[in-house]
Amino acid sequence: GVEEGNAYFCSVDGVLYNKDKTRLISYPRSNSATSFVIPSTVTTVCTYAFQNVQNITTITGGENVVRIGSVVSGSITSFPVGPKVTSMSATAFMYCAYGFLPVVDDANPRFKLKGSPQTGYALYDYNYTVKDDPTVYIALCRYFRTVNVATFKIPADVTYIADYAFYSHPYVKYVDFQDCTGLRSSKIAGTAFHSTTYSVQFLNADNIFANVDGVLYTDDKTQMVIYGSTVTMPNYVMPAETKTIPVSAIKPNNYVKTFAINSVCNSINTEYLDNMYELERYSVAADNSTYYTDTCGVLYTKTTLLSYPRANTRSYYKVAAGTTQLNVRAFYRNRFLKVLDLGSSIKSVVNGNNNTLASMAGLEAIKVSTMVPPTVMTTSFSTTQLTTGKIKLYVPLDEGATDIYGNASVWNKFYII
């Protein structure tokens, strides 16, 4: 609850609002109610207002709501988009449960829910704008996970596909562009198909995308769109125009062995580079100012080891001098490397899901050359790695190094030599 004299916040039935109840800030996670009515005073549903609530399924009301932030909950099955809503977060319904559908008021001139029980439903924005672009688009914002349909046909009037439109959709395998006449590939957000089923393929898309050896790009080739599972060439060479590889562009692929990056590419989302299961080495044009590779074909920026090829067969590897951190998933699921030498400049082992070191089944030893232990977290390594003494830690020969690492969090769990 909130003390009655608080000048900034108030609570009603445990729900947190700002003082005048125009902003719904937080709904209590463990509230036992299964339904909730958004008060008529509320004009903004704040981001994460319903994060991880456990029991509520139906939300109604909200006739005066203007803006909706992210609605994050596995239990919510419906949420009102009232007649006055003019703004929604790109992630508004990104994490909602299977079967979730918003209830869009017919009087809302901007947002429309279209579809059927047979084809599924999608949310559209008829007044969609992009920063520094005066054009007003008709955007496909979200295709909801309500029905097991393999093919989704983009409506003819759609001129933009927004961020996370197909996020984590488990059923869509084909996206059909046959009816699209006003949609250009440059108007498809880089995260539109983020985490969509790995086998997603585009149909009737020749007038939308540039196809080079089975890899799809925007029509001007400046951005990779999909490097799919069916692309069989062993040696990939990036087109000279390509500058960007967005998240989820690279789907699981068992064929590519070498990956050549051009001189102008300056933006690679590295989260799914390890989807190239048989990749042995990267190469980068000598005049690329953002990325480089060492003699082993490992991908770097000036300060970060980005990606160690998953099928590189070396058993020993030393991180390049000047590197200060390992990227999340940098070594993800490499099965050959046994000894990792962190060198003398590493300051941190970046932590995250599918962490780079925790997934290395063959890792037997780590070597460090600095008296200052790199920052590391317990989750940077697997439980097995930390509890069995499987990994040896080689520390500097300097006096006191053994004690320093022996007293350092996480590092003290290894067999120190």
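Throughout these legends, buried means under 20% relative accessible area, exposed means over 50%, and partly exposed covers what lies in between, with a 1.4 Å probe and protein chains only. The model is predicted, so local features need pLDDT of at least 70 and side-chain atom pairs count only at pLDDT 80 or more, while totals for chains, interfaces and linings use all residues. Residues are numbered from 1 along each chain as its sequence is written, and side-chain values use heavy atoms, with hydrogens and water left out.

**View 1. A salt bridge between Asp219 and Arg184.** A salt bridge here is a side-chain nitrogen of Lys or Arg within 4 Å of a carboxyl oxygen of Asp or Glu. The closest N and O atoms of Asp219 and Arg184 are 3.7 Å apart. Asp219 sits in the loop between β19 (215–217) and β20 (224–226) and Arg184 in the loop between β16 and β17, so this contact ties together parts 35 residues apart in sequence. Helices (H or I, at least four residues) and strands (E, at least two) are DSSP runs, numbered from the N terminus. Arg184 is partly exposed at 31% relative accessible area, and Asp219 is partly exposed at 38%.

**View 2. Asp274, Arg329 and the ring of Tyr332.** Here you can follow Arg329 to two partners. With Asp274, Arg329 forms a salt bridge whose closest N and O atoms are 2.7 Å apart. The two residues come from distant parts of the chain, 55 residues apart: Asp274 from the loop between β24 (267–268) and β25 (281–284), Arg329 from the loop between β30 (325–326) and β31. Asp274 is buried at 7% relative accessibility, and Arg329 is buried with a relative accessible area of 10%. The charged end of Arg329 also sits over the ring of Tyr332, 4.6 Å from its centre. For such a contact, NZ of Lys or CZ of Arg must be within 6 Å of the ring centre and within 35 degrees of the ring normal.

**View 3. Asp125 meets Arg110 in a salt bridge.** The N to O distance is 2.7 Å. Asp125 belongs to strand β12 (residues 120–130), and Arg110 to the loop between β10 (101–104) and β11 (111–116), 15 residues apart. Asp125 is buried, with a relative accessible area of 2%. A search of the whole structure finds 6 salt bridges.

**View 4. Stacked phenylalanine rings.** Rings of Phe, Tyr and Trp (its six-membered ring) pair if their centres lie within 6.5 Å; planes under 30 degrees apart count as stacked, over 60 as edge-to-face and the rest as tilted. The whole structure holds 28 aromatic pairs. Phe166 and Phe193 have ring centres 4.9 Å apart and planes at 10°, so they are stacked. Both Phe166 and Phe193 are buried. Phe202 and Phe209 are stacked too, because their centres lie 5.0 Å apart and their planes at 20°. Phe202 and Phe209 are both buried.

**View 5. An open sheet of 5 strands.** The order is β29-β31-β33-β34-β35, with parallel pairing. Strands β29 (316–318) and β35 (415–416) are at the edges with a single partner each, so one side of each has no neighbour in the sheet. Two strands pair if DSSP finds at least two bridges between them; β31 (residues 339–341) and β33 (residues 365–367) pair over 3 bridges. Look for Val339 opposite Ala365 in β33.
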